[in-house]
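Subject: Structure handover

Hello,

Here is the structure for you to look over. My notes follow below it.

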Amino acid sequence: MAFHTFSGRFFAGLALTGFMLAAAGCQSGDNGILNLGIGKKDPAAPPPPQDPKILASQLQAYCPRVTVRDGTAFFNTYVNDVQKPRSKVRKTGDAAQDAAAQAAADAAAATPPDDSARIIYQASISDVTRDCSRADGQLTMKIAVAGKIVPGPKFSPGTITMPIRTAVMHGTEVLYSQIHQYQVQVTDPSVATQFVFTDSNIVVPAPSAQDYQAYAGYDETAPKGPTDKPGKTRKKKRAATN
């Protein structure tokens with residue numbers, strides 16, 4: 001009898017507990033303990049984040065980054081070599097042997113000397129920076145290039161000319177491109193000479209997005225070499241007159 005009485009009380013208590021939990025769940029609101037997120041949204045909750053957009057203030061402060069492209073950070077000049085005459089090979093009568101000997105002689109004649117002994121000077125770019133301003137729908141840029149000049153074995157004191165190109169692009173569109181024959185006076189061939197070049201004349205349409213790219217570097221297609229040694233010019237003979 002004691003066992004049945006205990007069992008009856010146990011199941012009665014369990015049923016009462018289940019009823020109280022169900023009642024509590026029915027009476028709980030949107031912020032109740034049993035709220036599982038199904039129902040009305042909290043009006044005080046912040047809105048979901050939107051896609052980031054460039055603000056007008058950010059666009060006004062935008063100044064395109066300057067990049068030095070691969071292969072344009074260094075500029076070396078060399079003395080011109082005297083062209084070697086084509087070597088003549090004594091004929092043996094064997095066409096194949098004579099052709100091979102002539103090819104070997106031509107290859108030996110075309111082999112350049114050690115470049116390190118032919119260097120006039122080596123120039124390199126160590127840093128670039130820029131500054132921007134806006135007015136009347138246009139963007140004005142100043143690009144500064146800093147670097148140094150190291151004289152080589154064939155250098156002699158004087159003025160050298162370095163071809164430096166600055167450019168601004170919008171994708172594949174060239175908005176600005178200019179090559180500058182920048183001259184530097186080098187007087188001491190035993191030490192490196194520091195230089196700073198500035199292009200202050202860059203004016204392009206003001207960007208509508210942060211998608212401009214600026215470049216600075218040496219342009220190998222430009223003439224190079226010292227400028228204080230002009231080439232020889234031939235004087236024309238005047239025709240004799242009576």
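In which strand does Thr166 lie? Thr166 lies in strand β5. Strands here are DSSP runs of E with at least two residues, numbered from the N terminus.

Before the rest, the ground rules. This is a predicted model, where local features need pLDDT of at least 70 and side-chain atom pairs count only at pLDDT 80 or more, while totals for chains, interfaces and linings use all residues. Residues are numbered from 1 along each chain as its sequence is written, and side-chain values use heavy atoms, with hydrogens and water left out.

**Thr166**

Thr166 has 0% relative accessibility and counts as buried. The cut-offs, with a 1.4 Å probe and protein chains only, are: buried under 20% relative accessible area, exposed over 50%, partly exposed in between. The Thr166 side chain makes a polar contact of 2.6 Å with the side chain of Asp199. Such a contact is a pair of N or O atoms within 3.5 Å; within protein, one must be able to donate a hydrogen and the other to accept it, and residues adjacent in sequence count only if both atoms are side-chain atoms. Setting aside neighbours within four places in sequence, Thr166 also touches other residues, including Ile143, Tyr176, His180, Phe197 and Tyr215. Contact means heavy atoms within 4.5 Å.

**Salt bridge**

The whole structure holds one salt bridge. The term needs a side-chain nitrogen of Lys or Arg within 4 Å of a carboxyl oxygen of Asp or Glu. Here the side chains of Asp219 and Arg165 meet, at 2.6 Å from N to O. The two are 54 residues apart: Arg165 sits in strand β5 (residues 158–170), Asp219 in the loop between β8 (213–218) and β9 (225–226). Asp219 is buried at 11% relative accessible area. Arg165 is partly exposed at 29%.

**Sheet**

Four strands form an open sheet in the order β2-β3-β4-β7, with antiparallel pairing. Two strands pair if DSSP finds at least two bridges between them. β2 (74–78) and β7 (193–205) are at the edges with a single partner strand each, so one side of each has no neighbour in the sheet. β2 and β3 (residues 119–135) pair over five bridges. Tyr78 stands opposite Ile119 in β3.

**Asp136**

Asp136 lies in the loop between β3 and β4 (138–151). Its phi is positive, about 55°, although Asp136 is not a glycine. Most residues other than glycine have a negative phi. Asp136 counts as exposed, at 79% relative accessibility.

Best wishes
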